[in-house]
Amino acid sequence: MTRHHRNVTRPWTAWLLAAACLLGADRAPAQAASAASTAEDGLPDFSHRSWTVRDGAPPDVWTLGGGREGVLWLGTGMGLYRFDGLRFERYRPGDSSLPALNINALLVDEDRTLWLGLFDGGVVQLREGQVVRHGAAQGLPGGRVLRLVRASGALWAAAGKGLARFDGQRWHRVGEEQGYPEPGAEYLFRDRQGTLWVNSGERLYRLAAGADRFDDTGVATGRSAVMTQDGQDRLWLADGRGGVRPLGLPGSWRAWAALPETAPAPGPVRADDLAAAPFSPSVVSSRDGQPVTLVKQMLFDSDGGLWVTVNGRGVFRTDAADTARLPAGEQLDWARGRWFTVADGLGSSITVPLLESDDGEIWVGTNVGVSSLRAQRIQRVTRLEDAAATGFSVQPDGTGVLLSSSSASWRVDPPGGAVREHGVDPRPLSRRPATQAVRATDGSLWLWDDETLWRSPPGGRWERWNLPLPAGTRAAADGMAADPAGGLWLSLHEAGVFHATRAGLERIEEAELDGVPPGAIAVDADGAVWFGHDGVLTGIDDRGRHQRFGSGQGLRTGRILTVTNTRHGLVVAGENGVALGRDGRFATITLDRDPAFGRVSGVVESFDGDLWLNGARGLVRLAAAEVPSLFVESAHPLSYQLLDAADGLPGIARQASATPTAVRDARGRLWFVTNLGVVWLDPARTKRNAREVGVDVQALAAGGQDYPAAQGQQLPEGTSALTLRYTARVLSKAEQVRYRFRLVGVDADWRDAGTQREATYANLGPGDYRFEVLASNPDGLWSRQPTVLAFRIAPMLHQHPAFRWAVALVLVVAVWAGYRLRVRSLQARWRLRQADRHRERERIARDLHDTLLQGFQGLLLGLDASVRRVADAALRHKMERDLTRAEALLAEGRDRVGQLRQRIDDEDAADREGHGEGMTTAAAAVEEAAEDVATDSVATMAGAAMTGPTVWRVPVRT
């Protein structure tokens, strides 16, 4: 969107006016020419990042807010945006979208309420997803709102048609009765003492903290003037009348009107002279006959440096020392600072807002996105006259270091620069230069040039040492290390291992592994020598004993690149990880566990015991107190500080080096060799960020729908898969923040998410869930308390507990009903069988009674008649006795048949009345009774049959 008030739509016009102003002045050309000729471009001590529209950043960033708790708010010509260090999101309050607003001013209150001042007039308040518009109906003056500030317990707005104060209910225009007679306001600033400063476009006014009336300072200001306050509490003003200058302490405001105006008035310029006109950011345009500065914002950072955005040029910075000695009223000398422009990586020269986040990073808004500048913690050795492809080796030398490359050597001892040492290399220039150099403990220097070994004792002349190799043999050094006696261990590729001592050169075949020389050599202070091979570490101690370690002892580093003995133990680093050895065993942090521990070619211990690793991901710092716990196989996250390109590290650790790529000098500074140069840092001044960071769970996504991450959020029924998006409250180096999360009740332990900022789950059932997430800050410090989000998945109808109980009850009833039906069926079948049995038993009983018993009765009658005709009295008497017995048996059988019929009748009656004992019991009882009767009857009849013929005396029955 076109912004005429910013003078950006026609840059050539602004430059023409600038040239006109400059050529018509007496002093400005000389000053501007000085600035153009002596001010340096670029900020080498700051790392820079830029996000443009190609990276998803919004264009036309006119104001910035927040910068605390990892959130940066961007007021743009296309609305309000939120940035979390990695991702830009257009702000959508609640369920509605915020209209496309052209935002000029942005204020973030302590309670996170957002206030937006609009180019088209009006103020928008955003609080907890609610949008409230303020305009003329609420008492707000018309015109574009350029600035919003809280002061004296109220909210103040600088609008084109007046200055207004908001009391929480309505806006009140401030007028002459309050000491402010101006028709409009352009800029507001609140100092640390609570005083409100107002620039009307012509005059500067103040409202002291607690006062109810403004004071006219008497300071005439130009259009578009801006203010800031330095570390000494002095107020600064930038306008087209006096340039960028300090005014003085807030209490001295009455003397400001007497300060001289040092900037020139604008003057005419011919178009032909435009190309020759020098640049001056003090006066670059004119509006309505008044000089207008293109200084858009000023900011003093936490280190005291002054930052200035100049529309059409870029960003300017000067140190605290330069601003501190500038007297009140004297214009800033642009030659005493550095510019950061498009040529240095700035997204655009159209720059307006400035903001310092709580982690010390400077943010700049441009018309194509946003940029950040951060002070580097790593210092690079510059002005090296050689950047050879073979790289550098670094060795301690005095209080500094000695750097050696394939063509020259330098002695470096900051703060001084690199000094080329012409006397280091003893050979003619026609010979191949040295590729590796080692400083021995006795001060002597060893050089290897792929053919010859050279030694220079302290204060002595160079000596040539001939190796026991065939003439003309050329070999690259795989490893070099000095021993405590001033000698040298040298491993040559495919040539062997050699030890140089005062007695001469000797090949040590025991140091080779299956005839292959080691790729790394290290010597302890006690004289023990270590040889690093491919996955195997061998050693010779001071007593000549040989040692060997491999995967069986926990060493899993792959090809070994460096070995260092520390107070924590023996540190072995290689392509696949870093291992710590103690008591004959090694614990390895592998590349798979954390990529930062891969391809480490240098390990150095600082004076305080911290371990520094120079690897493929950057410089890794392991705190001394945490080293023992880090090298333990566990699921706990690794805690370490990582310094990389954002901290000023060029490239990665040099890999093919015969000497360690990390050393410590006598002052405790650490030096590292990368594939792009040499850097150093002071660990005592490289503080680790000790601030724990919180995490915001931003949204839950399920079924293609996003839901607010509110406590107790209920997801729709049937939800089985979801994704939770979260981010740490970090702006600086947000890409290095690592996360761990767990879903209580689903995850048995914490899950390491690395740098991923979302968690996905599937096959979830209904119920209440608790999601917990932890984050580390960019320096590897993990937060102790997790961020917790409780949510609930609503059950479907068949997933409700009541439904399940109802289904269970139905199943129980169905089973019981089925059981009853089965019982009835079985009972019916049993009754049928019993009826058949009863009929059969009645038939048997009837047959017994009507046939067998009656037959027996008739037989007895016949026998009785026969007995009477027996003459023998004794025989007759015996036969009569037998007949009597038979008659008794017949009577007993008749009784048994009667009892059987009675039992059958009783059982039938019991079944009909429902008093039976159940199917199984009744059947068993009847069967038992029948069996008893049958058994007794058969036994009786059998007994009677076995007694032989007997005379029964049966009374004659009629």
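Predicted model: local features only at pLDDT ≥ 70, side-chain atom pairs only at ≥ 80, totals over all residues.
**Entry 1**

I then asked with which residue arginine 317 forms a salt bridge. The partner is aspartate 319, and the closest N and O atoms of the pair are 2.7 Å apart. For aspartate 319 I noted a relative accessible area of 43%. That value lies between the limits of 20% and 50%, and aspartate 319 is therefore partly exposed.

**Entry 1**

**Entry 2: Glutamate 186 and arginine 223**

I examined the salt bridge between glutamate 186 and arginine 223, where the closest N and O atoms are 2.9 Å apart. Which parts of the chain does the pair link? Glutamate 186 sits in the loop between strand E14 (171-174) and strand E15 (187-190). Arginine 223 belongs to the loop between strand E18 (215-220) and strand E19 (226-229). The two residues are 37 residues apart, and I noted the pair as a link between distant parts of the chain. I also checked burial: glutamate 186 and arginine 223 are both buried.

**Entry 3: Arginine 245 and aspartate 239**

I turned to arginine 245, which forms a salt bridge with aspartate 239. Their closest N and O atoms are 2.8 Å apart. Are these residues buried or exposed? I recorded arginine 245 and aspartate 239 as both buried.

**Entry 4: Total**

How values were computed: Residues numbered from 1 in each chain as written. Heavy atoms only, no water. Salt bridge = Lys/Arg side-chain N within 4 Å of Asp/Glu carboxyl O. Helix = DSSP H or I, 4+ residues; strand = E, 2+ residues; numbered from the N terminus. Buried < 20%, exposed > 50% of the residue type's maximum accessible area, 1.4 Å probe, protein only.
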